[in-house]
Amino acid sequence: MTYSEQLLDAIQAHRFSESQGLLKQALNHDDPEILASLAENLTDLGFTDLAKEVYRSLIGSFPQEDLFKVYLAEILLNDGEEDDGLSLLYNVKKSSDSYLESLLVQADYYQSEGLIETARAKMNEAKELAPDEDAITFGLAELDYMSELNEQALPLYQDLATRQSMFGEVNLNQRIFQTLAKLGRYEEAADFIKNHQEDLLDIDAKYQAGVIMLEAGQADSAIKFLDQVIEQSPDYVNAYPFLARAYQAKDDQEEVLYAAQTGLGYNELDEELYEMGAQAAMKLGKDDDAEDLLTRGLKVNADNASLRLLLSELYLKEGRYEDSLTLFKDLAEGEIEPLGHLNMARSYQGLEDFKQAQSEYLLAYPSLKDNPAFLRQMIDFGQASGQKDLTAELLKHYLDLVPDDQEMQALYQELA
């Protein structure tokens, strides 16, 4: 048994105190090929300090063998010794048989440091040296994918996928449909997914497939994939909003409400689920459920204007005008959106406080004046408050927008 083998056995048996002695014996007695294999094994096991000693010894014995310098540099970079590692790599000449390996290690390092353009320059140089090397094609594709250069990444992934479905741990077909989706080509991505469903092995791939199917307008397929995600991992919280949206697309309000309530059981901070669930509950006439969702959502974020408006709408529907006004009482005027002023106006109108109602309508008017539904509401106010001139002026503007409304035409003629 060589000393290198004895060293590896000692490490596997956790006899770490023997490692330095056995390493010294290995460096003194084992053949270079065995030492090279030892260094590789030590690196894989995480004993990089020992591996560095072996590579330094090999470099000392074979200074012309640049591959050992590349391997040592990779370890140094991973251990945070950037200056020494880069120095070794940049000293590998272009004429060296190991220059390509040096470029790949440099590219990997610069990518890890977020220097994507520098990494791409190294990979492009490597591509010129080895145009048919799949590892280089994949590296370039990943850099482009990370940089949102999806038009460049897509043909590279497609080329690789003609020869293999996986590269390392990366599913190439998954990358293809993700890239298509990033390009906004959702229908193509959806078709690709349907033709490669056997590649959707992990839960994240199924989730992404569900999202893409929803974006492609294929709600049933989206539900199928998202249900698989939730069945596999009920606490996969990101799936629930998309599942609720898919059921919204089918106008299946019971399932929207169920998806929202279930998702909130795993993530009570998801404001979107409170909103979608409450909307569904209101459409189903389940006002108690809607109120519960909205009040809980506002406890999560009291500044959520959408939830506040929905709860105000619910209170107005139930004639709870004071409760509606309470939602806005602590807000400065600049914090109230136009629809908030409208709901305050409707609340004051319901309380027959026409002066305050008119003030709120006028605050909402500049932003909502071209909204026929708003104008009809304000026309109703003008009639209720006995303001004939205001009603006529509003009717004239309304009929400019909706000239075929016979009912409003008749009212305008009556006031003229």
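R120 and E117 sit three residues apart in helix α8 (residues 116-129), so about one helical turn separates them. Their side chains meet in a salt bridge, at 2.8 Å from N to O. A salt bridge here means a side-chain nitrogen of Lys or Arg within 4 Å of a carboxyl oxygen of Asp or Glu. Helices, by the way, are DSSP runs of H or I with at least four residues, and strands are runs of E with at least two, numbered from the N terminus.

Keep in mind that this is a predicted model: local features need pLDDT of at least 70, side-chain atom pairs count only at pLDDT 80 or more, and totals for chains, interfaces and linings use all residues. Residues are numbered from 1 along each chain as its sequence is written, and side-chain values use heavy atoms, with hydrogens and water left out.

**More on helix α8**

- Buried or exposed: which is R120, and which is E117? R120 is buried, with a relative accessible area of 8%, while E117 is exposed, at 56%.
- Those words have cut-offs: buried is under 20% relative accessible area, exposed is over 50%, and partly exposed is in between (1.4 Å probe, protein chains only).
- T118 also has its place in helix α8, and T118 is partly exposed, with a relative accessible area of 32%.
- From T118 to A222 you go 104 residues along the sequence and 39 Å through space, C-alpha to C-alpha.

**Other salt bridges**

- How many salt bridges does a search of the whole structure find? The search finds 25.
- One of them joins the side chains of D79 and K52, at 3.1 Å from N to O.
- D79 lies in the loop between α5 (66-78) and α6 (82-90), and K52 lies in helix α4 (residues 48-61), so this pair ties together parts that are 27 residues apart in sequence.
- D79 counts as partly exposed at 35% relative accessibility, whereas K52 is buried at 5%.
- D79 and K52 also belong to a network of salt bridges that links them with D49 and E81.
- K329 and D330 form a salt bridge too, with their closest N and O atoms 3.3 Å apart.
- K329 is exposed, with a relative accessible area of 56%, and D330 is exposed as well, at 64%.

**Helices α21 and α22**

- Two packed helices are described by the angle between their axes and the distance between the axes.
- The axes of α21 (residues 338-350) and α22 (residues 354-368) come within 8 Å and cross at roughly 155 degrees.
- Axes are lines fitted to C-alpha atoms, for helices over the stretch in contact, and angles run from 0 to 180 degrees between N-to-C directions.
- α21 and α22 are therefore roughly antiparallel to each other; angles over 145 degrees count that way, under 35 as roughly parallel, 65 to 115 as roughly perpendicular and the rest as oblique.
- Residues that meet here include L339, L342 and Y348 in α21 and F354, Y361 and L368 in α22.
- By class, the contact of α21 with α22 has 12 nonpolar, four polar and two charged residues.
- Nonpolar covers Ala, Val, Leu, Ile, Met, Phe, Trp, Tyr, Cys and Pro; charged covers Asp, Glu, Lys and Arg; the others, Gly among them, are polar.

**A look at N150**

- N150 is found in helix α10 (residues 150-161) and counts as buried, at 5% relative accessibility.
- Leaving aside neighbours within four places in sequence, N150 is in contact (heavy atoms within 4.5 Å) with D144, Y145, T179, K182 and L183.
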